[in-house]
Amino acid sequence: MTLEHVLNARSVAVIGASKVPTKRGYQTIRTLLDEHFEGSIYPVNPKEKSILGLPCYPAVSQIPGEVDVALVATPARTVPAILEDCGKKGVKGAVILATGFGETGARGKALENDVLDVAGQHHIRLIGPNTSGMINLKDNLNLVGLKDSPKGDIALLTQSGNMALTLITEAKLRSLEGISHYVGVGNETDVKFHEYLAFFQEDPDTRAILMYVEGMKEGRKFLQQAYKTALTKPIILLKSGRSSTGRQSAGSHTGALAGISEVARSAFQRAGIIVIENSDELFPSAETLSSLPPVRNNKIAVLADGGGHAVIAADLLTDLGVKIPELSEKTQKALRKILPAGAAVKNPVDVAGGTDADPTIFAECADIILKDANVGGLLIVGLFGGYGIRFAESLALAEEDAAH
């Protein structure tokens, strides 16, 4: 079944709704109201008549309207019976917050299997368990309670709620971009990573997918789907659990089996995934790639104002397996017409001071290079910029035009 009715839900039942401000069953309702979720909100608690001005229902099956997704904010032992009741109502998805499942050992694994069986019988898709929740910022569907999340076009998939909090906070403080959706994958009991990729590949509000992964249950299907998704939308991934201690920690956190790092890294890269080693590089990478169209091929041209920068860029691109093609004779001829005799025009292109008196020539060079059929993308490095400071104030406007 499609995840459309779950990740883009128009009606939400909050099971375990509460009047206590520190409880998730209160925080979620408060956030949905404060952020003006336009769908229906149904608090569920047999002990209450109303919460935050909304009528409260003793069970999901007694809600009068349709319910797309249920947020289950009750202890693990209650989840099978709750899902049975959701099944009677025809609920399409459930977000299960509770811990105490497969990550805790054999008894928890047995309970997790029971939950999966009940959900399967009633065709309910599960996010989690052991999840921080999910957010759809386009529709103000916030089942996490994190306020003032910046809206943008980056989808966030993580197996750590605190990693998500870190990344969203970073986006809020340092970035021009924000997120379209966040999903706490949790134990990956039902919906798997590859299903989320398929959804976000088709989602018109998402331009890049950012992932924090401890381990995954269907790695082959994930790689097959990633190969398709990465052709149109970049996937940026941080894989933890490289050390034996890290793998043990991942197992106790989500019950995930962390793979061998070198094997995993090679497989991810073959599938077109961009593997990041440091967490502080995740969002800058996603932000950069989400703002650009995908490159046409693996051949990159380098345009530099500075020969040293051009050489360093060429070395690194080569190390990364990127090809640096020689530009066509037509392209080189066009560049020679506007650059001084000392300029390098084969690729990397070094303008050799040819833009000092007229910064707009730099933009003309970029335009000429990008029209070369053998070039899939252009990397600009070096000292472009600051002409109005370094040479003459009269160049500032031309420099700004060239930058645009």
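Buried means under 20% relative accessible area, exposed over 50% and partly exposed in between, with a 1.4 Å probe and protein chains only. By that rule, buried residues make up 52% of the 404 residues in the protein. This is a predicted model, in which local features need pLDDT of at least 70 and side-chain atom pairs count only at pLDDT 80 or more, while totals for chains, interfaces and linings use all residues. Residues are numbered from 1 along each chain as its sequence is written, and side-chain values use heavy atoms, leaving out hydrogens and water.

**Exercise 1. Check the span of helix H11 (residues 307-319), then sort its faces.**

Step 1. Helices (H or I, at least four residues) and strands (E, at least two) are DSSP runs numbered from the N terminus. The expected span is 1.5 Å times one less than the number of residues.

Step 2. Now pick out the buried residues of H11: Ala310, Ala313, Ala314 and Leu317. Seen down the axis, they fall within an arc of 100 degrees (taken from the directions from the helix axis to the C-beta atoms), so they line one face of the helix. An α-helix has 3.6 residues a turn, so residues three or four places apart point the same way.

Step 3. Turn to the other side of H11, where Ile312, Leu316 and Asp319 are exposed.

Step 4. Finally, find the partners: the buried residues of H11 pack against strand E15 (300-305) and strand E17 (377-382), where contact means heavy atoms within 4.5 Å.

**Exercise 2. Work out the strand order of the open sheet that holds E15, E16 and E17.**

Step 1. Two strands pair if DSSP finds at least two bridges between them. E15 and E16 pair in the parallel sense over two bridges, and Leu303 stands opposite Val349 in E16.

Step 2. The order of the three strands is E16-E15-E17, with parallel pairing. E16 (349-350) and E17 are the edge strands, each pairing on one side only.

**Exercise 3. Describe how helix H3 (residues 79-89) packs with helix H4 (residues 106-121).**

Step 1. Axes are lines fitted to C-alpha atoms, for helices over the stretch in contact, and angles run from 0 to 180 degrees between N-to-C directions. H3 and H4 pack at about 5 degrees, with axes 9 Å apart.

Step 2. Angles under 35 degrees count as roughly parallel, over 145 as roughly antiparallel, 65 to 115 as roughly perpendicular and the rest as oblique. H3 is therefore roughly parallel to H4.
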